[in-house]
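Hi there,

Here is the structure I promised to pass along. Have a look at it first, and then read on for what turned up.

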Amino acid sequence: MSRHSRMGPALIALVGLFILFILAGAARAAPVAGAPPELKIGVVAFLSGPASGPFGIPSRNAAEVWIDKINREGGIGGVKVVPIFTDEAGPADKVVTEFRRLALDEKVAAVMGYISSANCLAVPPVADELKVLTIESDCGTDRVFEEAKHPYVFRTNSHTVIDGVGAARYVLSIHPDVKTIAGINQDYAWGRDSWAVFQRSMRQLKPDVQVVDALWPKLFAGEYSAEISKLLVEKPSVIFTSFWGGDLVTFAGQAKARGLFDESLVVVNNTGADIKDIAPGVLIGSRGPNGIVTPDMEKNPLRKEFIALYRQKYGLAKNDYIAHGAYHYVQALQGLRAAYEKAIKAAGRWPTTEQVAAAFEGLEFDTPSGRVAMAIGGGHQAVQPAGYAVLKYDPALGVNVFSEIRMFPAKCVNPPDGMKSLDWIDRGFPGAQC
Amino acid sequence: MRLLLVVALDGLTYASWLFLVSAGLTFTYGVLRVLNLAHGNLYALGAYLGATLVLRYAATGYTPALAYGLLFVAAVVVGLVVGPLIERVFLRRVYSRDEEVQLLLTFSISLILEDVVKLTWGVNPVFAEMPYSYLGRVRLGGINYAWYPFLLTAIALAVGGLLWLVVTRTRLGKVLASVIADREVSLTLGINVPRVYTWAFAAGAVLAALGGALTAPMFSLAPGVGAEVLVTSFAVIAIGGLGSIGGAALGSLIVGLARSAAVYFFPELDLFAIYLIMALVLLFRPQGLFGEIEVRRI
Amino acid sequence: MPARAPTAILLFLGALILLAAVPLVLSGWILFLLTVAGAKALAVLGVVLLLRGKLLTFGHALYYAVGAYAAGMAVKYFGVREALLLLALALLAGVAMSAFLGLLVARYRAVYFALLNLAFSMVLYGMLLKLYSITGGTDGLGIPEPTLAGFELGGSSLRLAMYELTVVLTAVLVYLTYRFFASPTGYTLRAIRDNEVRVEYMGVSVWRAVYVSYVIAGGLAAVSGCLIALSVGHITPDLSFWSQSGEFVFVAILGGTGSMLAPVIGSVLFEFVRNYAFELSPYTWQMTLGIILLLIIFFLPGGVWSLTALVVRRGSR
């Protein structure tokens with residue numbers, strides 16, 4: 001483009017648009033019979049509040065980038081995808097009202113998104129009532145399909161059980177003679193769930209492990225001096241945390257300054273925020289095979305394409321990686337696309353919502369984070385492998401890098417279909433294939 | 001014994017932080033009788049500006065020692081620009097209105113500033129931890145402590161002492177006392193009350209921003225930090241008595257010690273320890289520990 | 001107010017009929033929005049009632065959450081599914097709670113009253129969050145579709161019924177609150193606003209007036225919370241969070257405290273503004289709300305309600 005740099009920007013834009021139009025026209029397949037002029041989908045993510053930085057905004061951006069890509073390739077079944085982005089922030093009544101607006105006022109074909117577990121529990125009954133295809137994309141709670149059936153609801157990312165079970169298995173693979181563990185988790189449902197899964201898994205895998213402490217600072221507390229002092233006094237061999245975002249960065253900063261990482265092995269079950277620069281030696285999970293770049297994942301063309309597209313539009317530092325929420329949102333779009341394509345093939349024309357939902361059940365599809373199978377929750381809940389790694393300082397690059405990466409296969413860290421996660425753990429992981 | 005020492009140290013450093021972030025709120029209320037709900041946003045502005053300055057400065061590679069000065073610069077800039085702006089343009093127009101209108105005005109400013117911060121600094125966590133780690137650590141009671149929280153304790157003592165000196169030992173303090181006691185009489189005495197209000201509000205804003213700027217090396221900043229701080233400092237000054245600097249200090253100390261004790265002995269209580277104390281204190285001493293009973297006028 | 005009563009009552013009845021007929025023309029989403037607005041208006045009504053006595057509360061969401069969780073617990077542990085029964089239970093729980101806490105807070109005024117309420121609401125928030133196995137923690141509780149007067153209604157007919165129920169219930173409670181305000185105790189409250197000490201010198205119990213108003217306001221908020229629980233279908237501890245209390249105060253001022261109808265207007269307006277602000281500028285909706293509030297404070301001190309008064313005056317001229 002440097003050749004054109006003297007032309008007016010307007011002219012460049014015009015030419016660019018023209019080329020784009022031609023390309024888009026050439027690429028777009030003829031829509032199937034009965035197809036709507038466009039496929040409207042609601043995309044819900046935190047655009048404000050503390051969860052927007054580490055999760056919401058990257059997820060929204062990823063969805064945007066990926067929808068553009070789908071449209072460049074001719075849309076879904078020849079129909080252009082039109083996203084409507086909305087903010088997830090606010091109490092449940094606001095989130096449900098917003099869902100109803102998307103369904104009844106905007107008349108979207110599907111809604112995807114939801115990062116908060118509470119919202120992932122509040123929305124499904126409404127989705128069933130209004131018969132709107134809903135793809136939950138990032139939240140962690142295992143209650144969604146373990147407590148009820150929701151014919152119109154799917155979740156294309158693994159629930160948080162893989163993070164806890166994966167953490168326990170990874171800790172033991174690195175540090176087999178662990179004696180004592182302690183937890184420091186934010187005092188809310190995700191913190192409680194994460195700790196319950198990790199702690200129970202540890203007890204199953206190594207029955208002589210002693211739990212010395214469980215600390216519950218409030219969400220967004222920001223000041224952890226007392227907690228860190230207590231952990232320094234107790235010196236557990238392993239400290240587990242499900243902190244995320246600003247809280248994780250803050251905790252890591254304060255802990256590092258006081259040498260907590262030298263006394264205990266710290267394991268974090270998610271990489272929403274970038275603590276990469278702060279805490280070498282920490283074990284980190286990525287809520288599925290997402291942010292952490294793995295050798296075999298490098299061969300995945302979708303992953304390469306996604307990273308390139310994201311980097312091009314939103315920029316990404318050289319040794320940086322994209323937040324896991326972003327991968328999850330792309331997974332949702334890939335699932336939606338695969339379900340529609342399968343349903344179109346089966347119906348021979350544009351499918352009804354029920355036909356798409358039927359096609360979605362038990363579906364398998366490729367994503368930038370590998371192949372995803374809707375294997376549990378009656379075919380509505382995805383299973384994925386759990387990825388963990390150790391942060392190590394690389395003197396050659398001058399930054400911290402992920403090393404000793406391990407993937408625990410989906411069948412190793414997920415319960416079989418129809419079994420509740422905590423029962424599965426307490427019964428000693430029956431049927432697990434590791 | 002060693003455990004008690006650790007609990008006391010943690011409580012003390014947390015109390016220092018609480019005092020720094022709540023002193024501005026109680027000072028403003030003391031002089032203007034307005035509870036400034038935008039206090040948390042001034043805190044956030046100070047914190048973000050402080051973090052930005054420090055990060056920029058750190059990138060130049062000069063001696064880190066000067067970064068501490070930048071935190072004060074950030075606080076003064078925010079306080080002296082935004083403080084008078086809020087007071088002169090908005091607050092001044094509602095002094096004659098009901099108390100709830102004044103509260104709502106600061107509430108709406110808080111909503112606006114919340115998004116101003118988001119539009120300026122984005123939503124990604126900002127963390128300028130360099131001044132925190134640069135001071136290194138010290139071994140006390142058998143475990144490592146960072147020096148920085150003790151620096152905060154020293155600054156908190158200095159700020160508290162300075163405020164006390166100004167209020168009790170200077171002419172300015174007498175002027176303030178007169179304005180607080182009776183606005184009209186002060187006017188007839190030739191005191192420029194509007195100007196006192198502007199400066200008092202600005203001073204409160206500087207204190208709020210200073211609390212934020214000094215926090216920036218300890219906590220990472222994310223959208224919504226202001227609201228958290230507002231509610232916490234609310235509770236602290238309600239315990240100590242609204243408008244009382246000594247009360248804020250005592251309130252901070254009580255809450256700080258209670259929280260660090262809770263972490264050690266009842267980790268499940270951490271979440272609402274502060275509100276429980278506040279409810280208890282207000283029930284038995286409604287005006288707070290150091291608050292004055294207001295004269296009822298017929 | 002009494003002088004304008006006939007106009008107000010006519011306006012009231014007209015609005016009621018209009019609102020009850022609204023579903024004939026509006027989309028399901030707007031219907032839901034109006035249900036939420038109508039339900040929340042009751043909590044705001046409580047805030048306005050207290051504001052009439054110069055009592056500002058930053059913790060009214062406490063009773064809102066009590067109502068919602070009373071219903072949630074009754075559903076979860078006793079399998080109650082009847083909406084009317086749940087509403088009665090919520091009212092009972094709200095009144096019991098406010099009757100107890102009222103004993104403690106009715107002595108306080110101004111900022112202290114506001115803060116003490118805030119503290120209690122945050123303690124409840126903490127408990128709802130902590131009692132994880134009972135309340136579901138921050139993930140909250142689901143409320144399945146209720147029956148209404150014994151009828152099994154599903155889907156859109158239930159939404160319609162919930163809407164009509166909300167309209168009727170809100171109308172009845174607004175009227176009753178209006179009657180309360182016109183009662184001797186209501187007048188005492190008004191006098192407290194002007195000068196509390198004088199009221200006491202007249203031999204009238206200020207404490208009693210404040211206490212009764214507080215209990216009524218608590219009951220209203222509990223009904224409001226239960227309606228929200230039934231319409232939304234999911235409850236979380238956020239119902240008791242301070243920002244929810246802040247929202248009630250915001251809406252109260254938006255509508256104005258000049259009439260018991262003002263909360264309804266304020267509430268409907270707020271839900272629309274918030275939803276459209278979200279739609280138009282998802283990044284800066286707080287700023288939009290802030291600017292609207294500033295404009296009201298400076299240019300419409302009586303709230304949106306004062307506009308209707310303007311219209312009525314012009315009409316009668």
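This is a predicted model: local features need pLDDT of at least 70, side-chain atom pairs count only at pLDDT 80 or more; totals for chains, interfaces and linings use all residues.

**A helix pair in chain C**

Helix H2 (residues 28–52) of chain C packs against helix H12 (residues 262–280) of chain C at an angle of about 130°, and their axes are 8 Å apart. H2(C) and H12(C) are therefore oblique to each other. The crossing in which H2(C) passes H12(C) is right-handed. On the H2(C) side, the residues making the contact include Leu33(C), Leu34(C), Val36(C), Ala37(C) and Gly38(C). On the H12(C) side, Pro263(C), Val264(C), Gly266(C), Glu271(C) and Phe272(C) are among them. Sorted by class, the contact of H2(C) with H12(C) has 13 nonpolar, four polar and two charged residues.

**Chain C as a whole**

Chain C contains 14 helices and two strands. What radius of gyration does chain C have? The value is 19 Å, which agrees with the figure near 20 Å that a compact globule of 317 residues would have. The C-alpha trace of chain C spans about 50 × 45 × 40 Å along its principal axes. Of the 317 residues in chain C, 56% are buried. Among contacts in chain C with a separation of 6 or more, 81% come from residues 24 or more positions apart.

**Where chain C touches chain A**

Here 27 residues of chain C are in contact with 28 residues of chain A. Two or more residues each come from H2, helix H10 (206–232), strand E2 (234–235) and H12 of chain C. H2(C) gives the most to this side of chain C, with five residues. By class, the side of chain C that touches chain A has 13 nonpolar, 12 polar and two charged residues.

**Where chain B touches chain A**

For this pair of chains, 35 residues of chain B are in contact with 32 residues of chain A. At least two residues each are supplied by helix H1 (2–32), helix H5 (130–134), strand E2 (143–146) and helix H11 (245–265) of chain B. The largest share of the side of chain B that touches chain A, five residues, comes from H1(B). That side of chain B has 20 nonpolar, seven polar and eight charged residues.

**Two backbone angles in chain A**

Lys107(A) is not a glycine, yet has a positive phi of about 50°. Lys107(A) sits in the loop between helix H3 (92–105) and strand E3 (110–113) of chain A. Is Lys107(A) buried or exposed? With 12 other C-beta atoms within 10 Å, Lys107(A) is exposed.

Tyr114(A) is not a glycine either, and has a positive phi of about 80°. Tyr114(A) lies in the loop between E3 and helix H4 (117–130) of chain A. Because Tyr114(A) has 28 C-beta neighbours inside 10 Å, Tyr114(A) counts as buried.

Best wishes

Notes: Residues are numbered from 1 along each chain as its sequence is written. Chains are lettered from A and ligands numbered from 1 in the order in which they are written. Axes are lines fitted to C-alpha atoms, for helices over the stretch in contact, and angles run from 0 to 180 degrees between N-to-C directions. Helices (H or I, at least four residues) and strands (E, at least two) are DSSP runs, numbered from the N terminus. Angles under 35 degrees count as roughly parallel, over 145 as roughly antiparallel, 65 to 115 as roughly perpendicular and the rest as oblique. A crossing is left-handed if the near helix is turned anticlockwise from the far one by less than a right angle, and right-handed if clockwise. Two residues are in contact if their C-beta atoms, placed from the backbone, lie within 7 Å. Ala, Val, Leu, Ile, Met, Phe, Trp, Tyr, Cys and Pro count as nonpolar, Asp, Glu, Lys and Arg as charged, and the others, Gly among them, as polar. A residue is buried if 20 or more other C-beta atoms lie within 10 Å of its own, exposed if 12 or fewer, and partly exposed in between; C-beta atoms are placed from the backbone. The radius of gyration is taken over C-alpha atoms; the globule rule is 2.2 Å times the number of residues to the power 0.38.
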